[in-house]
Amino acid sequence: MSIQQVDYDGQIPYNVNLGSDVRVKRALEKWHPGYLNWWKDMGPEGFQESLVYLRTAISVGSKGWAKFDYLRMPEYRWGILLAPAAEGRTIPFGEQRGEPAWQEVPGEYRAMLRRLIVIQGDTEPASVEQQRHLGKTAPSLYDMRNLFQVNVEEGRHLWAMVYLLQKYFGTDGRDGAEALLQRRSGDPDTPRMLGAIYEKTPDWLSFFMFTFFQDRHGKMQLEAQAQSGFDPLSRTCRFMFTEEAHHMFVGETGIGRTVQRTCEAMVQAGQDVPYDVANQKAR
Ligand SMILES: [Fe+2]
Ligand SMILES: [Fe+2]
């Protein structure tokens, strides 16, 4: 199978040759129902049965990597896609700089890499959890579609990290993957791992701020991991950028539109203090 094609025969679209890796394929198929339960519990509330016009990543090629269609979100094809291997890639930094990039996890960095991947994986579903009520107050269908697109792709990023855990980290990895489905953003007993993800996203301005700042920060984080000496992590993160670009677009244009409309409303109201809401209502 070429790296540019995705196998849609199984439940899980992928370009990582799972067909010859029965152990990992089974582990993922086992993890899938728990993921779907999580999505139904914590994914967008009230819209699970709605047909949404979504793009699905089907290839890692620069041309035509996605297809668009109407589908119900629980039926989204969350796939595992890695950017093509760069031939002869070497470790770009640190003591091992210049040595061939690792195709397997080196023993001395195993715990650290596992933790890094678990933390990355933990941030992905956390934003979906925080944003699950927003569909009900979407300013437009356009915004609602963008929200759901971001949500399903964050779900796919979780898959991407779970694949790495299950493929390269044995029993530890499987436990880590399982725990990613147990934690919940803001839950006092089983919270997500990074504090930034506890921030509530109760309204659309918060959502636009999140996609403006957090997704930008997420891009830096991915950029750093794309430099990893552990090649499968690097390749996974390189493909995730492709989707992240749209998340930042949502934030940037959302804030742009909000500022534009605020200015228009202020001009209309003859007001020059943007946060003087009470005064504006009184006019
Ligand atoms: Fe993400
Ligand atoms: Fe994102």
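**Figure 1. Glycine 170 follows helix α3.** The phi of glycine 170 is positive, near 50°. Please keep in mind that this is a predicted model, in which local features need pLDDT of at least 70 and side-chain atom pairs count only at pLDDT 80 or more, while totals for chains, interfaces and linings use all residues. Residues are numbered from 1 along each chain as its sequence is written, chains are lettered from A and ligands numbered from 1 in the order in which they are written, and side-chain values use heavy atoms, with hydrogens and water left out.

**Figure 2. Helix α3 runs from residue 141 to residue 168.** Helices here are DSSP runs of H or I with at least four residues, strands are runs of E with at least two, and both are numbered from the N terminus. From its first C-alpha to its last, α3 reaches 41 Å over 28 residues, close to the expected 40 Å (1.5 Å times one less than the number of residues). The helix is mostly covered, with 24 of its 28 residues buried (under 20% relative accessible area, using a 1.4 Å probe and protein chains only; over 50% is exposed and in between is partly exposed).

**Figure 3. Glu124, Glu154 and His157 coordinate the iron ion (ligand 1).** The donor atoms OE of Glu124, OE of Glu154 and ND1 of His157 sit at 2.0 to 2.2 Å. Donors are N, O and S atoms within 2.8 Å of the metal (3.2 Å for Na, K and Ca), and sites may look incomplete because water is not among the atoms. Along the sequence, the spacing of these donor residues is E-x29-E-x2-H. Glutamate 154 and histidine 157 are about one helical turn apart because 3 residues separate them in helix α3. Histidine 157 has a relative accessible area of 0%. Setting aside neighbours within four places in sequence, histidine 157 is in contact (heavy atoms within 4.5 Å) with Glu124, Met240, Glu243, Glu244 and His247.

**Figure 4. Glutamate 154 bridges the two iron ions, ligand 1 and ligand 2.** These ions lie 3.6 Å apart. The iron ion (ligand 2) is coordinated by OE of Glu154, OD of Asp215, two OE entries for Glu244 and ND1 of His247, at 2.0 to 2.7 Å. The sequence spacing of its donor residues reads E-x60-D-x28-E-x2-H. Glutamate 244 and histidine 247 are 3 residues apart in helix α6 (residues 231–269), so about one helical turn separates them. Both glutamate 244 and histidine 247 are buried.

**Figure 5. The largest nonpolar core has 59 residues.** Such a core is a set of buried Ala, Val, Leu, Ile, Met, Phe, Trp, Tyr and Cys residues joined through side-chain atoms within 4.5 Å. Leu28, Tyr35, Ile80, Tyr163 and Phe230 have the most contacts inside this core. At least two core residues come from each of α1 (22–42), β1 (51–57), α2 (110–130), α3, α4 (170–182), α5 (204–226) and α6. Helix α3 gives the most, with 14 residues. Not counting residues up to four places away in sequence, leucine 28 touches Ile12, Leu18, Ile80, Trp159, Val162, Tyr163 and Gln166. A second, separate core of 7 residues includes Val60, Ala66, Leu81 and Ala83.
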